[in-house]
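Please keep the model open while you read this note. Each point below can be checked by eye.

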Amino acid sequence: MAYFIQRIFWFALTALGVLTLVFLLLRLAPGDPVEVMFDIQTDNISVETIERIRRDYGLDLPLHRQYLNYIASAIRGDFGTSFYFRRPVAQEMKRNFPPTAALAVAGISIAITLGVGSGIISALRPNTLIDYIVTTVSMLGLSAPNFWLGILLIYVFAFQLRWFPIVSSATTLTEHLHILVLPALTIGTSSAALIARMTRSAVLEVLGLDYIRTAYAKGLAQRTVVYKHALRNAAIPVITIAGLSFAALLGGAVVVEFVFAREGLGWLIVGAVYNRDYPVLQGSMVLLVVIIMSVNLLVDLTYTLLDPRIRYD
Amino acid sequence: MNRKTLLPFALVLFLAFGAAACGGGEAPPADTGTPSSDSTPQEPSEPDTSEPDGPKVVTWSYHRGARSLDAHDQRGSPDYQLVMYSLFNGLVRMPDYFPDNGAPMPQPDLATEWNVSDDGLVWTFKLREGVQFHKGYGTLTANDVKYSYERLMDPDTELIRSGDVRNIEKVEVIDDLTVAIHLKNASAAFLMDMATLSGYLIVSEKAVEAMGNETFAESPIGTGPYQVESYLPRGEVIFKAFEDYWEGRPEVDEVRVIVQPDETVAALAFLQDEVNWLAVRSDEAYDAVVDQPGVTVVRHPTASYGIEALWLQTEKVTDRRIRHALAYAVDRDTLFEQFAAKLGTSKADTILPPSVFGHRTDHLPKYDYDADRARQLLEDAGVTEGSLTLTTATIGTGGYPDTLTAVQNFWGQVGVNLDFEVVEHAAWQAKYQAGENEFLIVSAGRREPDQVLVHFESTSRMGAVNYMFYNNPQVDELILQQRTELDNDRRLSILHEVQALIMEDLPAIPLYHSAHVTAQRDYIEGPDNVTTWYFKPAAMHFK
């Protein structure tokens, strides 16, 4: 119980830190949200109107007052109205969260499946051709930036082979899954590479331990030794990396959603930065912080399931 | 570029990106050599360029989504083009095509006729009878016109286009089909403003009152040839042909606007015929689609009412001789050929683009490239080699960094230094409004000359509209005169005079005029040679 209270405390403190950082960075960046909103170059709006709207949005208040208002609203779960879209931020997040969640879940599923699978194969056959191939592909996967990989996949699988549409538009579940494949592959590849490398080294380390030799000596089949004894003990570092990858993967969603023109939080955040749409940016950041910290908590709790010796009390 | 050569284009792109990402430093010069045959993927089959069966659908890919479909609360494309030509009508509108002689003038739209009082202050419009609003919202009346304008005239409005109607004093309903608009000041630009500014489009009073602004922005009700089927903010927009459109149902059944911010991907989608209409916004996109089978690239030079110019802000160039020297030092012919030939029309010799009423150049001072003269003028002004440095910031798009690099080279040849940085849009906007740039490179201009001249008026907002903080009482006086001169011949003469003054003073150095370039699958016909914006599905036909 004490552990959970402690975690929640850190959770809140981190969220406050992120909120403060986002608030300050946005205000430090040059650019006025009201002027971005209007086409000021063509003189279609009066200075008085701009000032009035600035007052309406509380942008004329001293910085500390804006900060206190913002924190108070955030605690109430009210992130206000988008400056740019004039719609409630909650509505924007509600609309943009599901596509990003789908992308992230699909991406991490691909990453874990490919990463763990190829890592095990590589560890079972160290210094063989297949190990070299997995290692090389992992290096390439880690090095390839998402926007590059995304365009490459579109070019090969959508433009040349025509297996997928270039323009993502879907109404049925099947269509949604179909158009999710390339973005999920793009976003999952670098994490898969990282997981593969981590799985390989963790499994290799465990396979050299005495209890594995004992298991083989008892006459157990390789499959049983690997999956029942080795993998479980190698899983902790792998799960740690998978958890961390999830955060990176959400960051990668910004680029992937852009290349594949998918709606989502990433694209929403980029637009909010360009438009100096403070409420949207602040709301989205809080949502991301909550997601990432929840995943971290989940990872920590998984440790206790994998290794009963780990206790948090 | 055909399909075979698209591969090197793509590979060059990938190699450059890959090298940049993996190398951690600057990308090496792109390798334009032919890739080895073993790396060549399978050649795709030729797209089907025959007329598609079923509904006639035009799919336009744009790099950003529509923020709002409310005619009175939008800025920029694609919103602007969608509300102006598909969803709404104004009382007058620009013709679809450029006339053979002279500049295009407004023509009847929802109004069939109009007259203006002798003092130019009261405009009375007779409305078209029986015009229907979308989705059963009833018949257009003069009350809708009054409501539309007053919606923006409300001092508490937050709608973006409120400035469009700031010259309106009041709107008076004479009868159901007659409305009188009382202006604060006589304005020669009034009809053109009505035809080109979305604040003058007519909304349904009943719909706005029933829905409220927020819902209306997503599901607006106008009288245009298309009505909204679905709309995702920043995402896909679908319009369907309006069966009861007063000019007759348009031929194109459905309009889809999809969002693809990456131009490479948008070009691939176009070549695949997933998108059949594209606004070409960069040289790279132009190269990718031009000369492709089944593709028609259309240039709309007459829609070009923008001017790319160097707007000089700094006190360092207060001496007119320095400004002239900076103009003589830039080889605008070469600049145009190198950076603007694909998406431009010509180098610019004046501040009013060729298709705008009042454009004339034969009486203006010429600033053809003459580096020696530039050096002499600088010397006369006491500027020694390397003693003058001008700084600016620019955005990364629109080819501005390339153009500035060329200008940097030209000015360097006469001993003037140019330093510039590339920043994102909001930061750039903040900098130029604060006068932090010593000059500005930006495109400006509209169809109506008065909308261009406001940039040179001292009463315009300094920094935001008058980029140069320019103040010339004589120019101010002429701008005011042309604004209130209702006689076209006399106005033309004033416009010629003010151009001569400005080009002599040279607060801005015009570089070139840009053209709108669009690409469409060749089963789509028209519109070409448009007078204003280019996306007009109601003027398109399927072969």
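1. Basis. This is a predicted model, in which local features need pLDDT of at least 70 and side-chain atom pairs count only at pLDDT 80 or more, while totals for chains, interfaces and linings use all residues. Residues are numbered from 1 along each chain as its sequence is written, chains are lettered from A and ligands numbered from 1 in the order in which they are written, and side-chain values use heavy atoms, with hydrogens and water left out.

2. The open sheet. Start with chain B. Seven strands form an open sheet in the order β8-β9-β10-β1-β11-β19-β12, with mixed pairing. Strands here are DSSP runs of E with at least two residues, helices are runs of H or I with at least four, and both are numbered from the N terminus. Two strands pair if DSSP finds at least two bridges between them. β8 (226–231) and β12 (295–300) of chain B each have a single partner strand, so one side of each lacks a neighbour in the sheet. Neighbouring strands are turned by 25° against each other on average, direction ignored. Axes are lines fitted to C-alpha atoms, for helices over the stretch in contact, and angles run from 0 to 180 degrees between N-to-C directions.

3. β12(B) runs antiparallel to β19 (residues 516–521) of chain B, and six bridges join them. B:H300 stands opposite B:H516 there. Helix α2 (residues 79–87) of chain B packs on the sheet and touches β1, β8, β9 and β10 of chain B. Contact means heavy atoms within 4.5 Å. The direction of α2(B) makes about 140° with that of β8(B).

4. Other strand pairs. β13 (residues 307–312) and β17 (residues 439–444) of chain B pair in the antiparallel sense over six bridges. B:A309 has B:V442 as its bridge partner. In β17(B), five of the six residues are buried. Buried means under 20% relative accessible area, exposed over 50%, and partly exposed in between (1.4 Å probe, protein chains only). β4 (residues 111–116) and β5 (residues 122–127) of chain B are also antiparallel, over five bridges. Five residues lie between them in the hairpin, where B:G120 takes a positive phi near 75°.

5. A buried leucine. Is B:L152 buried or exposed? B:L152 is buried, with a relative accessible area of 2%. It lies in helix α3 (residues 142–153) of chain B. Beyond its neighbours within four places in sequence, B:L152 is in contact with several residues, including B:H72, B:L159 and B:V165. The C-alpha atoms of B:L152 and B:G163 are separated by 8.0 Å, although these residues are eleven apart along the chain.

6. The chain contact. How many residues does each chain bring? Chain B gives 68 and chain A gives 57. The area buried between them is about 5400 Å², and carbon and sulfur atoms give 54% of this. Buried area is the accessible area (1.4 Å probe) that two parts lose on being put together, summed over both. Three salt bridges cross the interface. A salt bridge is a side-chain nitrogen of Lys or Arg within 4 Å of a carboxyl oxygen of Asp or Glu. One of them joins A:R86 and B:D73 (3.3 Å, N to O). On the chain B side, α1(B) gives the most, with eleven residues.
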